[in-house]
Structure formats: structure tokens, C-alpha cells
Amino acid sequence: MSDPFAAAFAEAEAAFARGEVPVGAAVARNGVVVASAGNRTFEDADPTAHAEILAIRAAAKALGSQRLSGCDLYVTLEPCAMCAGAISFARLRRLYYAASDPKGGAVEHGPRFFFQPTCHHAPEVYDGLRAGEAAALLRRFFQARR
């Protein structure tokens, strides 16, 4: 898939279908998707199996490098502190995310990870892209669980 956000949203829909919180992520280099993943915390019984972490791991393996400096991450929800840390350590060039997460986000909310003096690398950040679509998917998921 050549549209990284389309890949991230496809992963979020697949996560929804598996009963996972519908968050998807895709890593792209030069606009071409290298890896993508959706949340698998329940399926893998792993609290670290967030979409961003899984996509970063897969991209690093596919590219044979722990540094993804020429790559961009597209995600459907504002990353949490754990994922922001992984983004920083992977040296991702840019972060694009859809919906903000006032409760669990760590980019524009909470600890504002990339603005901390202990942050090793801060990507360029672009937020709010396709936010309505991502928020609607999350609302639909949580309404179905109530």
C-alpha cells in the first residue's frame, strides 16, 4: 500500500475486528510503507504491543537497522509516553497522527515527551490529519463495548 495513512487506518480497522482498541500505525520511507501494525495487546497478552511499537519493530527488522532516521510514522491516535519514547529512540524523522488523546497521549498532552530535556530525538510532528475519522472509529469501538 502506498498511502501510509490508508495502511494505518486499515490496521486500525483490523484491530477493531479482533476486539483490540482500534489503533493502527505505518512506517514509511519516501512515501512507501515499510511496515504496518495494529494494536495486539489482548491477542499477544502484551501490554507493550501497541501499534506504534509493533510497526517500529517490523520496520527496523525489514530495514536491518535500529535507526529509522529517514522514515516517517503515521498513526491513528496520539502516541502514549511508551510509544513516544520508542519513536525518539528509533530516530523517526516525522510523526503524523490523527486523533488527539487528552487522557493517554504524550505528544501534545500529558508529559509532552518530545519537549522534555531527557528526550534524545524529537521528530517533526503533524497532528489532526483525518482526526474525525479516527475519533469516530474509537467512539464506535467503545460504544460497542458498553
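1. In which helix is glutamate 52 found? Glutamate 52 sits in helix H2; here helices (H or I, at least four residues) and strands (E, at least two) are DSSP runs, numbered from the N terminus. Before going further, please keep in mind that this is a predicted model, where local features need pLDDT of at least 70 and side-chain atom pairs count only at pLDDT 80 or more, while totals for chains, interfaces and linings use all residues. Residues are numbered from 1 along each chain as its sequence is written, and side-chain values use heavy atoms, with hydrogens and water left out.

2. Let us stay with glutamate 52. This residue is buried yet has no salt bridge. Buried means under 20% relative accessible area, exposed means over 50%, and partly exposed is in between (1.4 Å probe, protein chains only). A salt bridge needs a side-chain nitrogen of Lys or Arg within 4 Å of a carboxyl oxygen of Asp or Glu. For glutamate 52, the nearest side chain of opposite charge is arginine 57, 11 Å away (Lys and Arg count as positive and Asp and Glu as negative; His and the chain ends are not counted). Which residues does glutamate 52 contact, leaving aside its neighbours within four places in sequence? They are Val23, Ala25, Leu73, Val75, Leu77, Pro79 and Cys83, where contact means heavy atoms within 4.5 Å.

3. Next, have a look at helix H3, residues 81-90. This helix is mostly covered, with 7 of its 10 residues buried. The buried ones are Cys83, Ala84, Gly85, Ala86, Ile87, Ser88 and Ala90. What do they pack against? Their partners are helix H2 (51-63), strand E3 (71-77) and strand E4 (94-99). Just after H3, arginine 91 takes a positive phi of about 60°.

4. Beyond its neighbours within four places in sequence, isoleucine 87 is in contact with Ile56, Leu73, Pro79, Leu92, Leu95, Phe114, His121 and Pro123. If you want a distance to check on screen, the C-alpha atoms of isoleucine 87 and arginine 67 are separated by 9.9 Å, and the two residues are 20 apart along the chain.

5. Now for the charged pairs: how many salt bridges does the structure hold? There are 7. In one of them, the side chains of arginine 93 and aspartate 72 meet at 3.0 Å, N to O. That pair links distant parts of the chain, since arginine 93 is in the loop between H3 and E4 and aspartate 72 is in strand E3, 21 residues apart.

6. Another salt bridge joins glutamate 124 and arginine 94, with the closest N and O atoms 3.3 Å apart. Glutamate 124 lies in strand E5 (residues 124-127) and arginine 94 in strand E4, so the pair ties together parts that are 30 residues apart in sequence. Both partners are partly exposed: glutamate 124 has a relative accessible area of 37%, and arginine 94 has 22%.

7. Glutamate 133 and arginine 130 also form a salt bridge, and their closest N and O atoms are 2.8 Å apart. Salt bridges that share partners join Asp72, Arg93, Arg94 and Glu124 into one network.

8. Asparagine 30 is placed in the loop between strand E1 (24-29) and strand E2 (32-38), and is exposed, with a relative accessible area of 65%.

9. Finally, the largest pocket is lined by 19 residues, of which Val21, Val23, Leu77, Asp101 and Gly104 lie nearest its centre. On a 1 Å grid over the protein atoms alone, a pocket is an open set of points where a 1.4 Å probe fits, with protein on both sides within 12 Å along at least five of seven lines; lining residues have an atom within 4 Å of a point. The largest share of the lining, 3 residues, comes from helix H4 (residues 131-145).
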